[in-house]
Amino acid sequence: MSDGQSSTAKSYLDSAVAQGQSALGSLTGSTGDKTEAAARKDQAAAEKESSHTIGKMGPLNVSPSGGVSADDPNRSEGSWNQTLGSAKESLGGLIGSESLKKDGAQQNAEGKGQEAQGQLSDFGSGVQDRVKGAAGGMMAGVMGDREKEEEMRVKHDDAKTLQRSAEADMQRQAEA
């Protein structure tokens, strides 16, 4: 959050500062301001990208900030049902079995729904826990409870990882 880790909000702020600095450089003719603004803009873009990067190993997700989360079981079970359904459809088409083909199509559709349910659950839980972590961290900071503040930062980072993972999966499916 404010300890040097990447965040979307920080990237937007840095980008806005870069725009202002670039405008100032244009008005004054200062190439130094323009160069610094370009560097800050590049840094802001890198921060934004980093805040959305998720490493995925099976149902586990890891973020650059150290956040770790596990997918809702419906995500992987739904994906598996889609795979089996597609295989049944293909096999049914290959051997001429309309009932197997139909069963496969139904299992595939049900798997898509199941995976979407898991993604929405993870997205909602991620958003909710990020808010709880941020608010709890602020309260702990005000109260001077550093241990609780760190606990809430971890909760926030893990929830952000869960949310970003669900967002990335939904985006991939929308683009497919």
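Modeller: Happy to; what follows goes through the chain as a whole, then its helices, then a few single residues. Please keep in mind that this is a predicted model.

Biologist: Thanks! How many helices and strands does the chain have, and in what order do they run?

Modeller: The chain has five helices and three strands. Starting at the N terminus, the order is α-α-β-β-β-α-α-α. Of the 176 residues, 30% are buried. And if you take contacts between residues at least 6 apart in sequence, 61% join residues at least 24 apart.

Biologist: Let us turn to α3. How do you know that its length agrees with what a helix of 23 residues should span?

Modeller: We set one value against another. The expected span is 1.5 Å times one less than the number of residues. For the 23 residues of α3 that gives 33 Å, and the end C-alpha atoms are 33 Å apart, so the two agree.

Biologist: And what about α4, with its 46 residues?

Modeller: The reasoning carries over. α4 should span 68 Å, and its end C-alpha atoms lie 67 Å apart, which agrees.

Biologist: What is found at the two ends of α3?

Modeller: At the start of α3, the backbone nitrogen of N74 has a side-chain oxygen of D72 within 2.7 Å. After α3 comes G96, with a positive phi near 80 degrees. A glycine also follows α4: G144 there has a positive phi of about 80 degrees.

Biologist: Why are α3 and α4 called roughly antiparallel?

Modeller: Their axes come within 7 Å and cross at roughly 165 degrees. Angles over 145 degrees count as roughly antiparallel, and therefore α3 and α4 get that name. The crossing in which α3 passes α4 is left-handed.

Biologist: What makes α4 roughly antiparallel to α5?

Modeller: Here the axes of α4 and α5 come within 7 Å and cross at roughly 155 degrees. That makes α4 roughly antiparallel to α5, since the cut-off is 145 degrees. This crossing, between α4 and α5, is left-handed.

Biologist: Which residues of α3 are buried, and what do they pack against?

Modeller: The buried ones are R75, G78, Q82, G85 and G92. Together, the buried residues of α3 pack against β1 (55-57), α4 (98-143) and α5 (146-175).

Biologist: Now some single residues. Why is N108 called buried?

Modeller: N108 sits in helix α4. Its relative accessible area is 12%, and buried means under 20%, so N108 is buried.

Biologist: What does N108 touch?

Modeller: Leaving out residues up to four places away in sequence, N108 touches N81, Q82, G85, S86 and E89. With S86 there is also a polar contact of 3.0 Å between the side chains. Q82 and G85 have come up already, as buried residues of α3.

Biologist: What makes D71 count as buried?

Modeller: D71 has 12% relative accessibility. The limit for buried is under 20%, so D71 counts as buried. D71 lies in the loop between β3 (68-70) and α3 (73-95).

Biologist: How do you know that the side chains of D71 and N61 are joined by a polar contact?

Modeller: The distance for this pair is 2.8 Å, and a polar contact needs the atoms within 3.5 Å. Beyond its neighbours within four places in sequence, D71 is in contact with K56, G58, P59, N61, D122 and S165.

Biologist: Why is V68 called partly exposed?

Modeller: V68 has a relative accessible area of 43%. Buried is under 20% and exposed is over 50%, so V68, falling in between, is partly exposed. V68 is found in strand β3, and outside the four places on either side in sequence it touches N61, D158 and T161. V68 and A159 are 91 residues apart in sequence, yet 8.1 Å apart in space, C-alpha to C-alpha.

Biologist: And why does L91 count as partly exposed?

Modeller: L91, in helix α3, has 41% relative accessibility and so counts as partly exposed. L91 and K101 are 10 residues apart in sequence and 7.2 Å apart in space, again C-alpha to C-alpha.

Terms used: Residues are numbered from 1 along each chain as its sequence is written. This is a predicted model: local features need pLDDT of at least 70, side-chain atom pairs count only at pLDDT 80 or more; totals for chains, interfaces and linings use all residues. Side-chain values use heavy atoms; hydrogens and water are left out. Helices (H or I, at least four residues) and strands (E, at least two) are DSSP runs, numbered from the N terminus. Buried means under 20% relative accessible area, exposed over 50%, partly exposed in between (1.4 Å probe, protein chains only). A polar contact is a pair of N or O atoms within 3.5 Å; within protein, one must be able to donate a hydrogen and the other to accept it, and residues adjacent in sequence count only if both atoms are side-chain atoms. Contact means heavy atoms within 4.5 Å. Axes are lines fitted to C-alpha atoms, for helices over the stretch in contact, and angles run from 0 to 180 degrees between N-to-C directions. Angles under 35 degrees count as roughly parallel, over 145 as roughly antiparallel, 65 to 115 as roughly perpendicular and the rest as oblique. A crossing is left-handed if the near helix is turned anticlockwise from the far one by less than a right angle, and right-handed if clockwise.
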